[in-house]
Amino acid sequence: MRFEIQVDLWMRMILWMCVLMILPFMFFVPADEMFIIFISTVVMALIILPLMYFSFYELREDYLYIQISVIRMKVKYQDITGIREGKYSKMNNMAFSLDAVIIERSKKRFGELSISPQEKELFIMELKRRCPLLNDLRVLE
């Protein structure tokens with residue numbers, strides 16, 4: 001089961017501004033150096049924009065698969081010890097929204113992982129059903 005990421009408006013604006021902030025330089029550089037600005041803008045877009053548009057979370061047979069652009073991660077269901085709603089995890093934040101789901105893991109150096117699926121309630125219900133060590137849903141206030 002696949003879940004798209006939730007990207008808050010403020011995060012979307014920050015990512016787009018990172019790409020577009022280079023465009024005002026087009027008015028100040030000589031015409032023979034315009035190619036450098038064009039290449040820089042394209043490279044920035046190829047690095048930053050896939051974070052919003054080519055990212056998802058997928059509940060697979062034995063693990064949770066996380067893809068954030070070119071970054072991929074597998075979290076085995078047997079390693080998940082808790083799940084709760086919250087803003088973000090300070091240690092391992094892969095969420096693009098303040099309305100996140102924090103997954104607690106047992107076998108990792110940084111035990112928490114923060115993600116932001118669009119259909120949060122369905123995601124939590126499905127993840128809870130698949131995880132053997134997941135006892136209860138704890139909600140941060």
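Mentor: Let's start with a rule: two strands pair if DSSP finds at least two bridges between them. Keep in mind, too, that this is a predicted model.

Trainee: Okay, what makes E2 and E3 a pair?

Mentor: Set the count against the rule. E2 and E3 share five bridges, and the rule asks for at least two, so they pair. The sense is antiparallel, and the two strands form a hairpin with three residues between them. One of the bridges links serine 55 to isoleucine 68 in E3.

Trainee: How do you know that E1 and E2 pair?

Mentor: By the same test. E1 and E2 have three bridges, again in the antiparallel sense, and at least two are needed. Arginine 2 stands opposite glutamate 58 in E2.

Trainee: And what makes E3 and E4 a pair?

Mentor: Six bridges join E3, residues 63-68, to E4, residues 71-76. With at least two required, E3 and E4 pass. These strands run antiparallel.

Trainee: Which order do the strands take in the open sheet?

Mentor: The order is E1-E2-E3-E4, four strands with antiparallel pairing. The twist averages 15° from one strand to the next.

Trainee: Why are E1 and E4 said to stand at the edges?

Mentor: Each of them has a single partner strand, so one side of each is left without a neighbour in the sheet.

Trainee: What sits in the turn between E3 and E4?

Mentor: That hairpin has two residues between its strands, and serine 69 in the turn has a positive phi of about 60°. Most residues other than glycine have a negative phi. Serine 69 is not a glycine, yet its phi is positive.

Trainee: How about serine 114: buried or exposed?

Mentor: Serine 114 is at 0% relative accessibility, so buried again. This residue belongs to strand E7. Its C-alpha atom is separated by 8.5 Å from that of glycine 86, 28 residues away along the chain.

Trainee: Why is E2 described as largely enclosed?

Mentor: Five of the five residues of E2 are buried, so the rest of the structure largely encloses it. Look at both faces: Ser55, Tyr57 and Leu59 are buried on one side, and Phe56 and Glu58 on the other. Helix H4 lies across E1, E2 and E3, at about 40° to E2.

Trainee: Which residues have the most contacts inside the largest nonpolar core?

Mentor: They are Tyr57, Leu64, Ile66, Ile115, Phe123 and Leu127, in a core of 29 residues. The elements giving two or more residues to this core include H1, E2, E3 and H4.

Trainee: What does phenylalanine 123 touch?

Mentor: Leaving out residues up to four places away in sequence, phenylalanine 123 touches Phe3, Tyr57, Leu59, Leu64, Val101, Ile115 and Pro117. The test for a touch is heavy atoms within 4.5 Å.

Trainee: Zooming out, how many helices and strands are there?

Mentor: Four helices and eight strands. Buried residues make up 42% of the 141 residues. Of the contacts with a separation of 6 or more, 52% come from residues 24 or more positions apart.

Technical notes
Residues numbered from 1 in each chain as written. Predicted model: local features only at pLDDT ≥ 70, side-chain atom pairs only at ≥ 80, totals over all residues. Heavy atoms only, no water. Core = buried A, V, L, I, M, F, W, Y, C linked by side-chain atoms within 4.5 Å. Buried < 20%, exposed > 50% of the residue type's maximum accessible area, 1.4 Å probe, protein only. Axes fitted to C-alpha atoms, helices over the stretch in contact; angles between N-to-C directions.
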